Amino acid sequence: MRLNFLVLSVVVLLTGLSAIAQSPAPVVVPAATDSTPAPETAQKETDDPAITATIELLQELKAKNDEMLRKQQAALEALDQLQKDADQIRIFSKRG
């Protein structure tokens, strides 16, 4: 009985080791491709007017945004000055 168990355990052990020792699946490496894009001069020529129009539009939007930021900054400074004036009035009203 012990001999059967010993033989069976050795067979199982050897089977497990043979399964581990098998070579792994081969690694497939994709073929190298040319990474430089083909020249697209025809498309660049058709895109130039669209690009320039877009750039001009963005410049106009930037100018409008800058003007709005200047107005907002002036409004904030005016509000800060009003706050300071109100604080001074409160201080003087407590003294008097």
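**Helices, salt bridges and a nonpolar surface patch**

Leu3 is located in helix H1, which spans residues 2–20. In this predicted model, Leu3 is exposed, with a relative accessible area of 60%. Leu3 also belongs to a nonpolar patch on the surface, which is formed together with Leu6, Val7, Val10, Val11 and Leu14. The accessible area of these residues together is about 560 Å².

The protein chain as a whole contains two helices and zero strands. Of its 96 residues, 0% are buried. No residue is therefore counted in the class defined by a relative accessible area under 20%. The accessible surface of the chain amounts to about 9500 Å², and carbon and sulfur atoms contribute 65% of that surface.

Side chains of opposite charge can pair when their charged atoms come close. A search of the whole structure identified three salt bridges. In one of them, the side chains of Lys62 and Asp66 meet with an N to O distance of 3.3 Å. Both residues belong to helix H2, which comprises residues 41–95, and because they are four residues apart, about one helical turn separates them. With regard to solvent accessibility, Lys62 is exposed at a relative accessible area of 53%, whereas Asp66 is partly exposed at 27%.

A salt bridge also joins the side chains of Glu67 and Arg70, with an N to O distance of 2.5 Å. These two residues are three residues apart in helix H2, so that their separation corresponds to about one helical turn. Glu67 has a relative accessible area of 35% and is accordingly classed as partly exposed.

Asp87 and Arg90 form a further salt bridge, in which the closest N and O atoms lie 2.8 Å apart. This pair is likewise placed in helix H2, with a spacing of three residues, or about one turn of the helix. Asp87 is partly exposed, its relative accessibility being 30%. Arg90 also falls in the partly exposed class, at 45% relative accessibility.

Helix H1, by contrast, holds Leu3, a member of the nonpolar surface patch.

Definitions and conventions
Residues are numbered from 1 along each chain as its sequence is written. This is a predicted model: local features need pLDDT of at least 70, side-chain atom pairs count only at pLDDT 80 or more; totals for chains, interfaces and linings use all residues. Side-chain values use heavy atoms; hydrogens and water are left out. Buried means under 20% relative accessible area, exposed over 50%, partly exposed in between (1.4 Å probe, protein chains only). Accessible areas come from the Shrake-Rupley method with a 1.4 Å probe; for residues, only the protein chains shown count as cover. A salt bridge is a side-chain nitrogen of Lys or Arg within 4 Å of a carboxyl oxygen of Asp or Glu. Patches are made of residues with over 30% relative accessible area and no salt bridge: like charges are joined within 9 Å, nonpolar side chains (Val, Leu, Ile, Met, Phe, Trp, Tyr) within 5 Å.
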